[in-house]
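Please look over the sequence and the model shown here, and then read the short report on a few of its residues that follows.

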Amino acid sequence: MHERGFLHRYFLNNGGKRLHKWIHYFDIYERHFARFRQRPITMLEIGVHGGGSLQMWRDYFAPGSTIVGIDINPDCKQHEGDNIRIHIGSQNDPEFLHEVAERYGRFDILLDDGSHVNAHVITSFETLYPRVAEDGVYLVEDMHTSYWPKWGGGLGKPGSFIEYAKRRIDDLNAAHVRKGLEVSAFTRSTDSIIFYDSVVVFEKRPQGARQHLKTFAMPPERDAEG
Ligand SMILES: C[S@@+](CC[C@H](N)C(=O)[O-])C[C@H]1O[C@@H](n2cnc3c(N)ncnc32)[C@H](O)[C@@H]1O
């Protein structure tokens, strides 16, 4: 049994590489990532910066896990080593993302902490969501930029990631839509979408045909004398 709070404590006691996270993210990470600690996994984080978060993931997940980082800044290559792989390129370049994904097969966890430019986040999601394992998780953070014009956001603005994610709620329910929306690969592969302050989490799980049943108490049998 793994203890809760590992990541929060790790962050507060970090004497290693630079690590930059909002405090309320740690509970969210533990809630969605804890189930992956039992076996070696493959994780991709977009946005390496000081390399601290990649080290944290390596220490959190089972030995033998592969932690992959993507960053546009070539200096980030220095953070490669010991089950940590770094690829230099833009999260807004589908060809680059496909090349990286081809090397690793499926990712159990994908975390987007890159440019936070809304168009980039959408490009990455569209390219990499199908590369996440069928029981995997895709977590996008710092989505307050969905409300900030400099990042291509704005309240209710088409093209912001929050608006994009809201549309995915319709896709999740597409099996019930009579007209105007088809069941998609997203519908068939997504279990839930969870919205937090600045964070959106997509939990994958193969979805079968929807069923509903009725169960009820049978009327008591009359006793023989009654
Ligand atoms: C918030 S920092 C990442 C912090 C790191 N994940 C951590 O927790 O300490 C964002 C990183 O995204 C990178 N970045 C900016 N634009 C990018 C792009 N288009 N593609 C990939 N990475 C990008 C920056 O170079 C920077 O290192």
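D142 lies in the loop that runs between strand 5 (132-140) and helix 6 (161-172), where helices (H or I, at least four residues) and strands (E, at least two) are DSSP runs numbered from the N terminus. This is a predicted model, in which local features need pLDDT of at least 70, side-chain atom pairs count only at pLDDT 80 or more, and totals for chains, interfaces and linings use all residues. Residues are numbered from 1 along each chain as its sequence is written.

Most residues other than glycine have a negative phi. D142, however, has a positive phi, near 60°, and D82, in the loop between strand 2 (66-71) and strand 3 (84-88), likewise has a positive phi, near 40°.

The burial of a residue is judged by the other C-beta atoms, placed from the backbone, within 10 Å of its own: buried means 20 or more, exposed 12 or fewer, and partly exposed in between.

| Residue | C-beta neighbours within 10 Å | Class |
|---|---|---|
| D82 | 8 neighbours | exposed |
| D142 | 20 neighbours | buried |

Leaving aside neighbours within four places in sequence, Y138 is in contact (C-beta atoms, placed from the backbone, within 7 Å) with L110, F125, Y129, V132 and F202. The C-alpha atoms of Y138 and G51, which stand 87 residues apart along the chain, are separated by 20 Å.

How values were computed
Contact = placed C-beta atoms within 7 Å.
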